[in-house]
Amino acid sequence: MTVENVHPNTTVSFRMNNLSGSAADLKLYAYGADGKLAEVSKELWTITDEAGTGVDTLADGTLYELRVSVADGGAFDLSEAEKEIKISVVLAK
């Protein structure tokens, strides 16, 4: 995802469905500038329902948002341009 004209810290959201089980069992990884995946601290991301409420249990057929806090120029920002964030993430068990 690429987001332009951002604030120094921005929350980006990915919508997804067909997740099931416990949200606590999931880990989020992001690519760094070195091209390697690194685990993203749980404090920087959450899974919410469509209303923005955090969820613990995931059900097939429900739409969720993966919300990730990222800093312009931070460890997971793949863009060298100022006020632009480019992030690539993988959600896994």
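Which residue in β8 stands opposite arginine 15? In this predicted model, the residue facing arginine 15 is glutamate 65 in β8.

Eight bridges connect β2 with β8 in the antiparallel sense.

The residues of β2 divide between two faces. Thr10, Val12, Phe14 and Met16 make up the covered face, whereas Asn9, Thr11, Ser13 and Arg15 make up the uncovered one. In a regular strand, side chains alternate between the two faces of the sheet.

Two salt bridges were counted in the model. One joins the side chains of glutamate 65 and arginine 15, with an N to O distance of 3.1 Å. This pair links distant parts of the chain, with glutamate 65 in β8 and arginine 15 in β2, 50 residues apart. In another salt bridge, arginine 67 meets glutamate 65, and the closest N and O atoms are 2.9 Å apart. Side chains of opposite charge can pair when their charged atoms come close.

Glutamate 65 has a value of 9%, and because the limit for a buried residue is under 20%, glutamate 65 counts as buried. Arginine 15, at 53%, counts as exposed because this value is over 50%. Arginine 67 has a relative accessibility of 26% and is therefore classed as partly exposed.

The largest nonpolar core contains 21 residues, and those with the most contacts inside it are Phe14, Trp45, Ile47, Leu58, Leu66 and Val68. At least two residues of this core come from each of β2 (9-16), β4 (27-31), β6 (45-48) and β8 (64-71). β8 supplies the largest share, four residues. In soluble globular proteins, nonpolar side chains tend to be buried together. Phe14 also belongs to the covered face of β2. For tryptophan 45, leaving aside neighbours within four places in sequence, the residues in contact are Leu26, Lys27, Leu28, Val40, Leu66, Arg67, Val68 and Leu91.

Serine 79 is located in the loop between β8 and β9 (84-86). With a relative accessible area of 11%, serine 79 is buried, because this value is under 20%. Its side chain is joined to that of glutamate 84 by a polar contact of 2.6 Å. Not counting residues up to four places away in sequence, serine 79 touches Glu84, Ile85 and Lys86.

Conventions
Residues numbered from 1 in each chain as written. Predicted model: local features only at pLDDT ≥ 70, side-chain atom pairs only at ≥ 80, totals over all residues. Heavy atoms only, no water. Core = buried A, V, L, I, M, F, W, Y, C linked by side-chain atoms within 4.5 Å. Buried < 20%, exposed > 50% of the residue type's maximum accessible area, 1.4 Å probe, protein only. Contact = heavy atoms within 4.5 Å. Polar contact = N/O pair within 3.5 Å; in protein donor to acceptor, adjacent residues only side chain to side chain. Pairing = 2+ DSSP bridges. Salt bridge = Lys/Arg side-chain N within 4 Å of Asp/Glu carboxyl O.
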